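Dear colleague,

I am passing on the structure below for you to look through. My notes on what was found in it follow.

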Amino acid sequence: MERKRLNSIYDYTLDELKSELKPSFRAKQVYNWLYKKYVNSYDEMKNIPKDLIEILKKDYPIEILEIVKKEQSLDGSIKYLFRLRDGHTVEAVLLLMKKRVENEDGNVEQSEKYTVCISTQVGCKVGCSFCLTAKGGFVRNLTVGEIVNQIVQIKRDNDIAENKSLNIVYMGMGEPLDNYDNFVHSVKVFSELDGLAISRRRQTVSTSGLSTKIEKLGNEDLGIQLAISLHAVDDELRSELIPMNKAYNIKSIIDAVKKFPVDTRKKVMFEYLVIKDKNDDIDSAKKLLKLLDGIKAKVNLIYFNPYPGTSYQRPQRDDMIKFQEYLITKGLLCTIRESKGLDISAACGQLKEKEANGSS
């Protein structure tokens, strides 16, 4: 029977590749070239025999995401628009969380710290009313290789050393748990010690609340972190913001989260997109506190990032601080995510939209 071929070399865990390449040690060599040296061609793999290179080219293509456009913010963030092999585009963002600090002698006191926000789908089925990605509808799931290659190309483009650790958030275009199998497989590829070696503890999946998939993911106990895009404290508002809430309401999400295995050093992140005059009042903060009672939770307040055509507005900073302070005084860990990339197309879908409209 003919072997089922995957789409790309980037689809494979190391063990999967070892099971197919003979002798099996060649798999580790290939992995080294792909994930340590970031090569884009088999011809650059100098220690791989020519006959094997021909097999690799034929059966295990290196699918490369083309950088169509990128924008760099004054805060160091870089937004990428990638073109896939079928012409569709997706976005990813390199976030500079901490800058490099050197002392007077030029020695590094603190190295850069990065988080990369990646996409899992072309478009999205969830249809959030505040999200620009939703305007384009759903096209297709990304393959494992297309998910993985976002990190590879960003590290390559920024000359980030192979041993430089970074964090991954599955928080770009698409709902990761709607592309469940490919998402889970990409987690395994990312964490390969002989590859990118990104610890599963450094990987966070953000979901709009597919409660049945949250339970399924919890049962797999991958060791990754969970973030819930909550955004509202009652089903009426949440259904306005996230229509899928009619199928997966707040109670079902909270019940699933309570069953999810959480690292003893970590908490479940609840993302709360704050929209002016929608969910930024103290009464909402009180309801949120009650909702999360009994959960090892952290709340991340996020400023709504306006884009052309939206009716929602960015909240006042004073209201954000009052909301945060109320939760903190009641014992709930709460942070305000300072928006990055406000001077560029930072919100999901903005750079894609700009490119489609021919804007500079």
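The side chains of D194 and K28 meet in a salt bridge, at 3.7 Å from N to O, where a salt bridge is a side-chain nitrogen of Lys or Arg within 4 Å of a carboxyl oxygen of Asp or Glu. Please bear in mind that this is a predicted model, in which local features need pLDDT of at least 70 and side-chain atom pairs count only at pLDDT 80 or more, while totals for chains, interfaces and linings use all residues. Residues are numbered from 1 along each chain as its sequence is written, and side-chain values use heavy atoms, with hydrogens and water left out.

The chain is divided into domain 1 (14-59) and domain 2 (65-344), with bounds that come from an automatic or database domain assignment. The contact (heavy atoms within 4.5 Å) takes 11 residues from domain 1 and 15 residues from domain 2. Between them the two domains bury about 1200 Å², 51% of it on carbon and sulfur atoms; this is the accessible area (1.4 Å probe) that two parts lose on being put together, summed over both. Of the area that domain 1 buries against domain 2, Y35, K36 and Y38 supply 56%, more than any other three residues. Across the interface of domain 1 and domain 2, the rule finds two salt bridges.

On the side of domain 1 that touches domain 2, the largest share, five residues, comes from helix 2, helices being DSSP runs (H or I, at least four residues) numbered from the N terminus.

Best regards

Definitions and conventions:
Helices (H or I, at least four residues) and strands (E, at least two) are DSSP runs, numbered from the N terminus.
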